[in-house]
Amino acid sequence: QVQLVESGGGLVQAGGSLRLSCAASGRTFTRYFMGWFRQAPGKEREFVSGISRSAANTGYADSVKGRFTISRDNAKNTLYLQMNNLKPEDTAVYYCAADYRPSEYSWTYLQSEYDYWGQGTQVTVSS
């Protein structure tokens with residue numbers, strides 16, 4: 001098992017930036033591909049970004065492409081999400097998630113494929 005703890009959320013004005021972190025503990029971090037998801041008030045949780053075990057492959061939702069960057073530091077057991085040019089519609093609770101696949105190059109946008117989830121961190125973007 002792996003335990004995930006997000007941090008870095010907060011209140012920011014539109015156009016600003018935040019960097020979210022997700023610290024992993026437990027099993028070896030490099031076993032897991034990782035993802036970021038978010039849930040806005042009254043909406044379903046949605047995919048934001050994913051990254052493979054080796055960080056060779058990444059993917060983004062269209063709504064964040066060009067503004068958000070996912071990365072991981074396997075030496076520090078930490079996943080990151082750099083969020084630039086934030087918009088009010090980015091307001092949500094952001095969750096990191098993890099699961100295992102043998103391939104170092106796979107990731108997925110499907111929530112059902114992730115077995116491990118953090119508790120979330122709130123991001124609020126004011127207009």
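**Exercise 1. The disulfide**

Which hand does the link of Cys22 and Cys96 have, and what is the angle about its S-S bond?

Before you start: this is a predicted model, where local features need pLDDT of at least 70 and side-chain atom pairs count only at pLDDT 80 or more, while totals for chains, interfaces and linings use all residues. Residues are numbered from 1 along each chain as its sequence is written, and side-chain values use heavy atoms, with hydrogens and water left out.

*Solution.* 

- Step 1: Find the pair. A disulfide is a pair of cysteine sulfur atoms within 2.5 Å. The sulfur atoms of Cys22 and Cys96 are 2.0 Å apart, so they pass the test. By this rule the count comes to one disulfide.
- Step 2: The angle about the S-S bond is 55°, and the link of Cys22 and Cys96 is right-handed.
- Step 3: Strands (E, at least two residues) and helices (H or I, at least four) are DSSP runs, numbered from the N terminus. Cys22 sits in strand β3 (residues 18-26) and Cys96 in strand β9 (residues 92-100), so the pair ties together parts that are 74 residues apart in sequence.
- Step 4: Check the surroundings. Buried means under 20% relative accessible area, exposed over 50%, and partly exposed in between (1.4 Å probe, protein chains only). Cys22 has 0% relative accessibility, so it counts as buried, and Cys96, at 0%, is buried too.

**Exercise 2. The nonpolar core**

Work out how many residues the largest nonpolar core has, and look at what surrounds Tyr94.

*Solution.* 

- Step 1: A nonpolar core is a set of buried Ala, Val, Leu, Ile, Met, Phe, Trp, Tyr and Cys residues joined through side-chain atoms within 4.5 Å.
- Step 2: Count. The largest such core has 33 residues, and those with the most contacts inside it are Met34, Trp36, Leu79, Leu81, Met83 and Tyr94.
- Step 3: Ask where they come from. Elements giving two or more residues to this core include β1 (2-7), β4 (32-39), β8 (78-83) and β11 (121-126).
- Step 4: Zoom in on Tyr94. Contact means heavy atoms within 4.5 Å. Skipping residues up to four places away in sequence, Tyr94 touches a list of residues, among them Leu20, Trp36, Arg38, Leu81, Met83 and Val123.

**Exercise 3. Salt bridges**

How many salt bridges does the structure hold, and where do the partners Arg38 and Asp90 lie?

*Solution.* 

- Step 1: Use the cut-off. A salt bridge is a side-chain nitrogen of Lys or Arg within 4 Å of a carboxyl oxygen of Asp or Glu. The structure holds five of them.
- Step 2: Take one. The side chains of Arg38 and Asp90 meet at 2.9 Å, N to O. Arg38 is in strand β4 and Asp90 in the loop between β8 and β9, so this pair ties together parts that are 52 residues apart in sequence.
- Step 3: Check burial. Arg38 is buried at 5% relative accessibility, and Asp90 is buried at 1%.
- Step 4: Take another. Arg101 and Glu113 form a salt bridge at 3.1 Å, N to O. Both lie in the loop between β9 and β10 (116-117), 12 residues apart. Arg101 is partly exposed at 25%, and so is Glu113 at 30%.
- Step 5: Salt bridges that share partners link Arg38, Glu46, Arg67 and Asp90 into one network.

**Exercise 4. A charge without a partner**

Find out what lies around Arg53, which is buried yet has no salt bridge.

*Solution.* 

- Step 1: Locate Arg53, in the loop between β5 and β6 (58-60).
- Step 2: Look for the opposite charge (Lys and Arg count as positive, Asp and Glu as negative; His and the chain ends are not counted). The nearest such side chain is Glu104, 4.8 Å away.
- Step 3: Look at the backbone. A polar atom of the Arg53 side chain lies 2.8 Å from the backbone oxygen of Thr30.
- Step 4: List some neighbours. Leaving aside those within four places in sequence, the contacts of Arg53 include Tyr32, Phe33, Asn74, Tyr100 and Pro102.

Conventions
A polar contact is a pair of N or O atoms within 3.5 Å; within protein, one must be able to donate a hydrogen and the other to accept it, and residues adjacent in sequence count only if both atoms are side-chain atoms.
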